[in-house]
Amino acid sequence: MIRPLDTITLAMTKLRIRKVRLAFTILVSGLLFGLLLAVILISSGILQSLDSFGRENIGKKYITATTHFGGDEYQFYNIESNNTIVTRAEQIHAERISAKKAEAKRLGIEFNPTEDPVPTEFNKDLGKKVLIEDLAQSPSVLQAVEEYRAGRDKPFDIDEHTKNYDVKRQLTELFIQPEFGTLAPMPDGKEDAIVNADVEQPNSAYQSFEDYTSSYNGLSVADDVISMPYAAKKFDPKTADSIPIIINYNYAEKTLGFEKLPSTATANEKLERIREVREKSTNLQIDFCYRNNESLALLNEAMIQKKEMNKNKDDKEYVKPSVIYKVPADNSCGSTEIISDTRTTEERNLAQKNEEFARIFDKTQDPLQLKMKFEVIGLAPSAQSFSGTQSVADGISALLASAPVPNWLIPAGYFQQLPAELKPVAVFGESATATDVSKTPKAPYDVHITEFSSLAAAKSYLEANACFSGTCEVSAQPHATNSIILADVRGLVETILLWITGIISFVAIIILGSMIGRTIADGRKETAVFRAIGAKRIDIVAIYSWYTILLSLRVIVFVALLGVLLAFIVNYWLSPSVTPMALTAFSAQDLTKQFVLIGFNSPYLIYIPVIIICISLVAMLPPLLMSIRRNPINDMRQE
Amino acid sequence: MTQHRRASEDDIAQYLSLFDKPVDAVLAIKEHLETRRSSVKQRIQSPAPDTPVIVSTRDLHRGYKIGKTQVDALRGVSIDIHQGEFVALTGPSGSGKSTLLQSIGGLDKPSSGTILVNGTDIAKLSDSKLSTFRNGTIGFVFQFFYLQPFLTVRQNIEVPGMFAGKTRSDRRLSVEQVAASVGLSERLEHMPSELSGGQMQRVAIARALLNQPKIILADEPTGNLDSANSHNIIELFDKIRQEFGTTIAIVTHDRAIASRVDREISLLDGKLA
């Protein structure tokens, strides 16, 4: 049999004929696979960069949030006609009215029972009494539902629920939602409620505050696993006089007085901005104002009075209120003081009795307002907006780095060590160890955060507990990190690449098959001569196999050059604009990090040359098998 | 033992047509004289060979179909060719001479009959063994040379050695020898396109000689050459036969060439004439 080197010598001669056809084949196949290679290099680069940026925070953790809805039986449409609750609500209401009447009589005040919200109404369709639609309006309904649940609710055991999965640990995340008031940041050190009250028409000042409020979605005391990766400076909770907090980038930028960069800003300007915001934000203090419902009501009253009096200051017939309140300074989070009280002693006594009456039945409290100092210790990603009109770079950033941290975070480890005076019960409740629990009767739910040991465990848990119907008992979704979504994106990319590879391979087989087939057909006479001078069929197969491999190698070289060139161009074009976005989206600590859109570690890079060689050999086989079965005499006669 | 046949009416008409033009007439007369001289010389110089028979066909038939027509290219041909003999297969187009040559060379399989070459019934050999047989026992020379245009003369001559699996150094030695025999030692590094037709046919002959075959089969080797080069090629075959003892069988239409071989085997309509 012919030796390999001799086979190559003879195969090489075939590459020197039909050069135009050869060049066309290499060009077309090369273009197809070159584009595929470019796509692979770019997607590999993006995934590699995402991995790299992910390591900057919690990107490599697999965390889910499981919302427990308490079962379908607590959905409004199921309890509104629940006879037990309806009957009990009416009973509570009757007792309440009677107690109120007795207390009003004791205090010597008037009480109109019809002003107390009724718990039920008649539903014509059902032909019976049902609970009022706005359950929270009636204390009697709330109490009845609570009693109903207390007897039936079994606490949701997340450990039990996740026991069949490889769970690393259960995490805590307490959404801070004061039970009887509101807690809000003070943009530029001011209470937005007061600032907004001075604004008659939305203007630039109002817009400015809207920018702030859209950057604030709430506050959570979050497990260190979730929060600490974003902490950029050390903090000593034991000697602290403020609460450590991780805020989002946009808010920090705004608070530090930076104007939003125009969309035409260069990559360097964006990077410089990130650097500045990062540096300066570690010295940033943000005040929060807590007001309980009574404090809010008084403040509201004061602001309405102020407006009214301003409006009527020239109206001599206008009668000022008997009690006039002073709106506190907008940067004080202060109490609403009375500046003028012209009420008679009798009127004051009546007011006092009414307050006492409300304290008993409506659980009203004394007004309470607290100005709380927070110290920024890190920045978390801002939510990315995505619309079709944005640039490709925006799209990549928004799609692949969707902000996983919607709330501002207080690291739980620090929070637990903070002095008690920094953790008022009115704001934080009795404990900061519970997960997010809302007891609104209409949609009772609790959220449990779980970290899994592996992506596979997290994915199988999510698949088993995803809820699409709206009537599930539990619903699980990725939380605090986009690692699971990115894994899906990676899977999707791989599926798409497989399809593209399949299609391109199919087209390439046709092109290469046609080209190689023609070459073999053209070489029939030569094959016949080789057979005449002693070549075996296997020798002819070897020659054409090597010819095909050599042709494939040329295609591979062209593919490599074209693919790498295209990927480099895309990287050169997009990397500068995606990098700043990725740095903010991932809150990367290392600002020298580049989001590179070209990567060479995809296994597909090995597959491409193998695929090219394989499909070329496959394309070669049919014409070659037909050719070597022919009688050489026939081919030599065709002169 | 020279075999002769009677000229057919067509042959006579074709021959006489040469006398329509004066120049052709002179050439025809010269050729006739040359043939006669050669024939006399042959009869004197080449007695019936007493060497062993190297090629023997018996009742050889070969038929094939062209469209719906059955063509019987060979119809019971039985011949013997002796070792070291230089024979010419002649006959009009379609007489079956090329088919006979290719059958002897193992390129074509007979429909029936036997072909013993060097004692082997090649009709019974497998494709692979036939290839080995062709490579080692037969050297083919074609009318159109069939050289590889992108290989040097040296590489072209080496090709049968490649298929024999010989090492490069072994081939190099053989190439030097056969190139010297055909007078191409100075042209080994040239490309085929740099050679004349005669030189290209010499390269093809050298290629056929590389594996030192017992038989050279040449299918109209001078068909593409002028008379001077044709003469030289026949001289070269004669020289090879003398030098290597190789049996040579050529297919030719050329009467002058046929007259210069040891024996002419004429075919007509697939049979010996």
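How many C-beta neighbours inside 10 Å does B:Asn118 have, and is B:Asn118 buried, partly exposed or exposed? B:Asn118 has 18 such neighbours, so it counts as partly exposed; the label "buried" takes 20 or more other C-beta atoms within 10 Å of a residue's own, "exposed" takes 12 or fewer, and "partly exposed" sits in between, with C-beta atoms placed from the backbone. The model is a predicted one, in which local features need pLDDT of at least 70 and side-chain atom pairs count only at pLDDT 80 or more, while totals for chains, interfaces and linings use all residues. Residues are numbered from 1 along each chain as its sequence is written, and chains are lettered from A and ligands numbered from 1 in the order in which they are written.

Back to B:Asn118, which sits in the loop between strand E4 (112-117) and strand E5 (120-121) of chain B. Helices (H or I, at least four residues) and strands (E, at least two) are DSSP runs, numbered from the N terminus. The phi of B:Asn118 is near 55°, a positive value in a residue other than glycine. Most residues other than glycine have a negative phi. B:Phe145 also has a positive phi, near 65°. This residue is found in the loop between strand E6 (138-141) and H5 of chain B, and with 22 other C-beta atoms within 10 Å, B:Phe145 is buried.

E4(B) and E5(B) run antiparallel and are joined by two bridges, with B:Val117 partnered by B:Thr120 in E5(B). Strands pair if DSSP finds at least two bridges between them. The open sheet has four strands in the order E2-E1-E4-E5 (chain B), paired antiparallel. Its edges are strand E2 (69-82) and E5 of chain B, each pairing on one side only.

Taken as a whole, chain B has nine helices and ten strands, and 41% of its 273 residues are buried. Contacts (C-beta atoms, placed from the backbone, within 7 Å) were also sorted by sequence separation. Of those in chain B between residues at least 6 apart in sequence, 73% join residues at least 24 apart.

Chain B also touches chain A: 22 residues of chain B are in contact with 19 residues of chain A. On the chain B side, helix H4 (127-137) and helix H5 (153-163) are the elements that give two or more residues. That side is made up of eleven nonpolar, seven polar and four charged residues.

Now for the helices of chain A. Helix H2 (residues 19-54) and helix H20 (residues 537-585) of chain A have axes that come within 7 Å and cross at roughly 35°. Axes are lines fitted to C-alpha atoms, for helices over the stretch in contact, and angles run from 0 to 180 degrees between N-to-C directions. Residues meeting here include A:Phe33 and A:Leu37 in H2(A), and A:Phe558 and A:Leu562 in H20(A). By class, this contact has 16 nonpolar, seven polar and one charged.

H20(A) also packs against helix H21 (residues 604-628) of chain A, at an angle of about 145° and with the axes 9 Å apart. The contact of H20(A) with H21(A) has 16 nonpolar, four polar and one charged residues.

Notes: Two residues are in contact if their C-beta atoms, placed from the backbone, lie within 7 Å. Ala, Val, Leu, Ile, Met, Phe, Trp, Tyr, Cys and Pro count as nonpolar, Asp, Glu, Lys and Arg as charged, and the others, Gly among them, as polar.
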